[in-house]
Amino acid sequence: MCHGLRLCKCCEARVVEDKLHFVLECPAYQDIRLSSTKDNNFQRLFRNAADVVQTDEEGKLLSFFSTVSQDALMRRIFNLGEDLLLAKFILRCLEHRAECHALLIGG
Ligand SMILES: [Zn+2]
């Protein structure tokens, strides 16, 4: 296996862990994407960048879709002017990723 291509260890998809998978796709981080607290309204990133958002009756975000390519969606997210929120989102995901990897080593 090429060392440049690491499979994602946080989900069962057995796909290469690239930035698109990490930010947009990986189901392991979906709860984080959909979360919104007063200080860390991560779902705002995806609500604002996606074309279609699915919510329940109370307006709670359930999922989001885009009609543009993943690359284009990624550019939107990075160009929202939400740099601090984006940085916090990535940090939160990296913490979760470290937990996934620690569990793998431990188990
Ligand atoms: Zn994954």
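**Figure 1. The largest nonpolar core, eight residues in all.** In this predicted model, the core is built from Phe 42, Leu 45, Phe 46, Ala 49, Ala 50, Phe 64, Leu 73 and Phe 89. Helix α3, which covers residues 43-49, is the top contributor here, with three residues. As a bit of background, nonpolar side chains in soluble globular proteins tend to be buried together.

**Figure 2. A closer look at Phe 89 and what it touches.** Leave aside residues up to four places away in sequence, and Phe 89 has contacts with Ile 32, Phe 42 and Leu 45.

Figure 3. Count them up and the protein has five helices and two strands. Starting at the N terminus, the order is α-α-α-β-β-α-α. The radius of gyration comes out at 15 Å, close to the 13 Å that the globule rule gives for 107 residues, so the protein is as compact as a globular protein of that length. For a sense of scale, the C-alpha trace spans about 40 × 30 × 25 Å along its principal axes.

Figure 4. Out of 107 residues, 15% count as buried. Take the contacts with a separation of 6 or more: 43% of them join residues 24 or more positions apart.

Definitions and conventions: Residues numbered from 1 in each chain as written. Predicted model: local features only at pLDDT ≥ 70, side-chain atom pairs only at ≥ 80, totals over all residues. Core = buried A, V, L, I, M, F, W, Y, C linked by C-beta atoms within 7 Å. Buried ≥ 20, exposed ≤ 12 C-beta atoms within 10 Å, placed from the backbone. Helix = DSSP H or I, 4+ residues; strand = E, 2+ residues; numbered from the N terminus. Contact = placed C-beta atoms within 7 Å. Rg over C-alpha atoms; globule rule 2.2 N^0.38 Å.
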